[in-house]
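Dear colleague,

I am passing on the structure we spoke about, with the sequence alongside. Please look it over first, and then read the notes below with the model open.

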Amino acid sequence: MGQPQRQGIFPTFFLSGFECSTFLWQDGRRRDLVAETQHRAHALEDYRVLRNLGIAVAREGIPWPLVDKGGGRYDFSPIEPVLDAMRQTGVRPIWDLFHYGYPGDSDPFDDAFAARFADYCRACARHVSEQLDGPSWFTPVNEITFFSFAGGEWGWAAPYGKDRQTRERFRLALCTASIAGVKALREVLPQSRMVHVDPLIQVVAPPDRPDQQEAAEHETFVDAFLAWDILYGREHPELGGAPEILDIVGANNYSFGQMEYRESGPHQALPPGSPGIQPLSTLLQRIWDRYRRPMIIGETSGLGEGRPDWLRDVMNESMAAVNLGMDLHGVCLFPGVDMPDWHTGEWLHNGICDLVPSGQELSRVPHEPYISELRRWQKELNRVTELDEDPFSDPVDLQDVVDAAQRLRPAPDEDWS
């Protein structure tokens with residue numbers, strides 16, 4: 001007799017998403033990555049790719065600075081193309097409500113900021129629930145930890161902070177807004193689920209600087225977790241965090257998350273084979289042991305021709321983490337289509353589809369080796385390879401994932417290259 005079914009949170013184990021940053025960049029210019037990748041114009045095509053790959057959930061943005069017109073007025077026309085694509089394909093979103101961009105007439109350090117964000121969250125919940133059926137998933141504030149560095153200490157994006165004190169203030173402001181946003185969303189949609197994403201990191205001291213070991217460990221074991229700790233209610237409980245606020249933990253995994261410490265600016269990514277690199281399963285286990293909340297890999301992708309090997313490594317490590325007891329509900333192959341490097345504008349070739357200029361258009365070209373590796377893992381995990389008419393009629397049986405992990409029994413491997 002088989003094991004009883006363990007129902008997953010999402011209708012498919014493999015998820016995807018689309019880059020949707022709307023930050024004020026360091027040159028003072030508002031960026032709209034949905035426009036830069038032409039995702040808004042090609043939404044139906046992009047969602048049909050996911051449907052044909054058996055992916056029923058996509059991380060998708062509602063661009064706060066474009067939607068919020070001030071004074072409680074909202075214009076949701078920027079997301080109408082994606083809403084139409086979702087209705088036609090059956091793919092459903094994890095709505096990303098604050099992806100690095102906030103309205104230009106607001107100040108994250110102002111007491112009114114969290115209240116304005118909460119009002120916007122209520123408006124979003126009302127609008128999307130009227131437009132789409134099915135369950136509701138949200139990421140109120142994307143990558144609080146990373147954004148607090150990029151906007152609070154490195155000066156990459158508004159609010160253009162340049163020191164640790166501003167970074168710490170910014171993080172608290174983002175956590176305050178996120179908690180207010182969760183509560184507002186659940187006022188409108190009480191059963192909605194929250195996915196709070198932040199990067200997995202491992203920071204080590206340079207070999208010739210043992211004096212920096214304490215600082216490196218602080219970033220690895222304190223700074224990397226502080227936003228999640230606040231949402232969970234472990235730190236700054238006066239802000240109202242709780243386990244049900246943290247809800248689902250999304251751990252974003254990229255090779256550059258394993259770094260050598262630098263006193264100022266971003267740390268230096270460790271090359272493959274460097275001392276101090278830890279297996280992905282070890283990093284996932286740290287999170288699981290700390291919170292014991294449902295988890296997904298919120299973003300992951302390799303680069304160029306390395307994409308299929310990257311997916312193979314991530315899935316083996318994920319199976320190793322499942323064997324260690326982690327409650328893993330999905331892996332998000334991010335992005336669904338390519339995205340530009342924020343600094344250089346060069347295409348990263350990290351998507352399921354590459355973007356190839358053709359006149360004024362960006363043609364979508366699937367990266368077949370990456371897709372072949374996805375197909376292999378769908379079969380290993382007994383997952384669908386193409387969506388049926390109702391993707392929600394047959395939820396993921398997580399026992400299939402557990403069974404695959406136990407059958408494969410991959411050993412943790414620090415060689416993630």
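Leaving aside neighbours within four places in sequence, E317 is in contact (heavy atoms within 4.5 Å) with P279, L280, S281, A411, P412 and D413. This is a predicted model, in which local features need pLDDT of at least 70 and side-chain atom pairs count only at pLDDT 80 or more, while totals for chains, interfaces and linings use all residues. Residues are numbered from 1 along each chain as its sequence is written, and side-chain values use heavy atoms, with hydrogens and water left out.

E317 sits in helix α11, residues 307-323, where helices (H or I, at least four residues) and strands (E, at least two) are DSSP runs numbered from the N terminus. With a relative accessible area of 6%, E317 is buried; buried means under 20% relative accessible area, exposed over 50%, and partly exposed in between, using a 1.4 Å probe and protein chains only.

D338 belongs to the loop between β13 (328-333) and β14 (353-358), and it counts as buried because its relative accessibility is 0%. Apart from neighbours within four places in sequence, D338 is in contact with T37, W347, L348, H349, N350, G351, C353, D354 and L355. One of these, C353, is itself buried, with a relative accessible area of 1%.

**Helices α6 and α7**

The axes of α6 (residues 144-152) and α7 (residues 164-188) come within 8 Å and cross at roughly 140°; axes here are lines fitted to C-alpha atoms, for helices over the stretch in contact, and angles run from 0 to 180 degrees between N-to-C directions. That angle makes α6 oblique to α7, given that angles under 35 degrees count as roughly parallel, over 145 as roughly antiparallel, 65 to 115 as roughly perpendicular and the rest as oblique. From α6, the residues I144, F147, S148, F149, G151 and G152 meet T166, R167, F170, R171, L174, C175 and S178 of α7. By class, this contact of α6 with α7 has 6 nonpolar, 5 polar and 2 charged residues, where Ala, Val, Leu, Ile, Met, Phe, Trp, Tyr, Cys and Pro count as nonpolar, Asp, Glu, Lys and Arg as charged, and the others, Gly among them, as polar.

Helix α6 is mostly covered, with 9 of its 9 residues buried, and what covers these buried residues includes α7, β7 (193-199) and α8 (213-232).

**Cysteines**

The structure holds 0 disulfides, a disulfide being a pair of cysteine sulfur atoms within 2.5 Å. For C175, the nearest cysteine sulfur is that of C121, 14 Å away, and C175 counts as buried at 0% relative accessibility.

**Backbone points to check**

Most residues other than glycine have a negative phi, and most peptide bonds are trans. The peptide bond from A158 to P159 is cis, with omega near 15°, and P159 lies in the loop between α6 and α7. Another cis peptide bond joins F334 and P335, with omega about 0°, and P335 lies in the loop between β13 and β14.

D247, which is not a glycine, has a positive phi of about 60°, and this residue counts as buried at 3% relative accessibility. R292 likewise has a positive phi, near 50°, but R292 counts as exposed at 52% relative accessibility.

With best wishes
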